[in-house]
Amino acid sequence: MATFDAASTTRVVSARRARLGLSGAWREALLGYLLVLPAFVILVVFGLYPVLRAAYMSLHNWSIVKGAYIGLQNYRQLANDGDFWKALQVTVFYVIATVPLTMLISLLLAYLLFRPLRLRSFFRTLYFLPYITSMVPAAMVWQWIFNYQSGVLNYVAEGVSRGMVAPVLRLAGGAPWVYVWLGLSLAWAAYLLITRARRTGLMTGFLLGLAGVSGLVSLAFALWPDALARTVLEFETFFPVRWLQEPRGIILYLGKKWGFTPPRWLHGPSMALIAVSVVSMWHFVGYDVVIYLAGLFNVPPELHEAARIDGASEWRIFWRITFPLLSPTTFFLLIISTIGAFRAFTMFFVMTSGGPLRTTTSITYYIYDRFYTAGRWGYASAVALVLFAIILTMTLLNQRLAGRRVVYQ
């Protein structure tokens with residue numbers, strides 16, 4: 001009868017299990033790499049390679065065909081290119097104008113749609129429709145809306161301004177009705193102060209601001225009748241406006257209408273750029289609303305119920321509970337919206353083609369113009385790499401500054 005050594009048997013079994021475990025780990029790792037391989041290939045081919053190729057082209061005098069190696073000459077020329085800095089200025093304003101306003105409007109709409117109300121599903125779909133609409137036909141429709149001669153916007157705005165606002169203002173701003181106007185504004189302000197407990201502090205402040213503006217306007221018309229006549233005349237003659245064909249800044253444009261010329265640094269963005277920004281906000285607000293709604297549904301309702309039991313107002317609940325817990329959603333939208341705004345191209349291309357007088361030439365449109373129109377592929381590649389660096393820098397700054405204020409549950 002054979003005698004077995006228990007210790008030797010244990011060592012053999014342990015070694016065999018170790019070999020089998022090692023090979024199993026290799027098989028799992030190999031399977032994981034195989035599953036990741038398609039995504040990695042796509043990332044390299046369509047992500048990393050174009051960046052490296054653009055960097056290589058930017059170092060050459062590339063015009064349709066490869067030219068001589070010129071080193072950093074394209075970048076030195078870029079630093080002294082006034083058209084590039086103008087395009088960067090247009091892009092920066094577009095980002096500043098569209099990203100915060102779009103997020104603010106989206107947050108307000110999402111919060112209203114989150115509360116129980118009739119036809120809530122219908123309104124959610126309605127606000128999301130602009131985003132799922134193809135951008136090119138939508139931009140073409142808006143181009144017709146903003147048309148100077150046959151656009152519906154000028155037609156409606158001129159009818160309202162000349163046929164409704166001017167006659168009512170002429171009647172209400174003249175004696176004795178202007179004093180009735182002033183009295184009603186003061187009575188409204190007094191009523192808001194007396195009944196302020198029925199509303200949130202923010203809503204009361206907003207309504208008091210409206211009442212104050214109404215009172216100041218009526219007082220101005222009562223003290224200076226010439227101001228009333230000038231205002232009525234402006235409403236009768238303000239429209240039509242050359243929206244997409246107006247290269248002047250909005251402050252300069254309004255200043256010329258009212259008889260003063262602001263300094264050059266205060267001319268503001270062109271009317272065309274503002275029109276494009278408005279259309280962009282209309283298009284992207286639906287996406288932000290959906291993302292904010294998803295974030296609102298992730299806020300624990302028990303926190304709201306506990307705060308209401310403690311007597312907290314709706315505004316305090318939103319500011320102290322809802323908004324901090326929405327910070328991951330806000331941070332995500334800030335990063336995505338900023339990157340998308342810097343890369344915006346379709347609206348500028350379809351609606352204005354970079355005009356008038358390059359006041360809507362964004363950096364992406366400038367890259368397109370240098371690449372296809374001028375045939376300067378190397379120079380366009382240099383601009384594209386600078387844009388890449390700007391977007392990367394802005395993303396890192398957002399992560400460093402805004403990322404610290406993100407509150408996770």
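Predicted model: local features only at pLDDT ≥ 70, side-chain atom pairs only at ≥ 80, totals over all residues.
Which residue forms a salt bridge with Glu236, and how far apart are the closest N and O atoms? The partner of Glu236 is Arg170, and the closest N and O atoms are 2.4 Å apart. Glu236 has a relative accessible area of 25% and is partly exposed. Arg170 is partly exposed as well, at 44%.

Let us stay with charged side chains for a moment. The structure holds seven salt bridges. Two of them involve Asp369. One joins Asp369 to Arg358, with the closest N and O atoms 3.9 Å apart. Asp369 lies in helix H16 and Arg358 in the loop between H15 and H16, so this bridge ties together parts that are eleven residues apart in sequence. The other joins Asp369 to Arg370, at 2.7 Å from N to O.

Is Asp369 buried or exposed? Its relative accessibility is 12%, and because buried means under 20%, Asp369 counts as buried. Arg370 is buried too, whereas Arg358 is partly exposed, with a relative accessible area of 30%. Elsewhere, Arg242, Glu246 and Arg248 are linked in a network of salt bridges.

Please find Gly355 and Pro356, which are joined by a cis peptide bond with omega about -5°. Pro356 lies in the loop between H15 and H16. Leu357, in that loop, has a phi near 55°, a positive value in a residue other than glycine. Leu357 is exposed, at 72% relative accessibility. Arg358 also has a positive phi, of about 60°, although it is not a glycine.

There is a further cis peptide bond, from Phe239 to Pro240, with omega near 5°. Pro240 is found in the loop between H9 and H10.

I turn now to the interior. In soluble globular proteins, nonpolar side chains tend to be buried together. Here, the largest nonpolar core has 54 residues, and those that touch the most other members are Phe146, Val241, Val289, Tyr292, Met351, Ile363 and Val383. Which elements give two or more residues to this core? They are helix H3 (82–114), helix H5 (135–145), H11, helix H14 (327–342), helix H15 (346–351), helix H16 (363–373) and helix H17 (377–401). H3 gives the most, with 13 residues.

Leaving aside neighbours within four places in sequence, Phe146 is in contact with Leu153, Trp243, Leu244, Ala275, Val279 and Met351.

His283 lies in helix H11 and is buried, with a relative accessible area of 3%. Beyond residues up to four places away in sequence, His283 touches Pro130, Tyr131, Thr133, Met135 and Met347. The C-alpha atoms of His283 and Trp62 are separated by 37 Å, and these residues are 221 apart along the chain.

His267 sits in the loop between helix H10 (250–258) and helix H11 (271–297). Why does His267 count as buried? Its relative accessibility is 19%, and buried means under 20%, so His267 falls within the class. Again without counting residues up to four places away in sequence, His267 touches Gly249, Ile250, Ile251, Leu252 and Pro262.

How many cavities of 30 Å³ or more does a search of the whole structure find? The search finds one, and about 30 Å³ of space lies in the largest cavity. The residues lining this cavity are Ile335, Thr338, Ile339, Ile391, Met394, Thr395 and Asn398. H14 and H17 each supply at least two residues of the lining, and H17 gives the most, with four. By class, the lining has four nonpolar, three polar and no charged residues.

To close, I would ask you to return to Asp369 on the model: this buried residue forms a salt bridge with Arg358 and another with Arg370. Thank you for your attention.

Definitions and conventions: Residues numbered from 1 in each chain as written. Heavy atoms only, no water. Buried < 20%, exposed > 50% of the residue type's maximum accessible area, 1.4 Å probe, protein only. Contact = heavy atoms within 4.5 Å. Core = buried A, V, L, I, M, F, W, Y, C linked by side-chain atoms within 4.5 Å. Salt bridge = Lys/Arg side-chain N within 4 Å of Asp/Glu carboxyl O. 1 Å grid on protein atoms, 1.4 Å probe; cavity = no way out; pocket = protein on both sides within 12 Å on 5 of 7 lines; lining within 4 Å. Points joined across faces, edges and corners; volume = space filled by probe spheres on them. Nonpolar A, V, L, I, M, F, W, Y, C, P; charged D, E, K, R; others polar.
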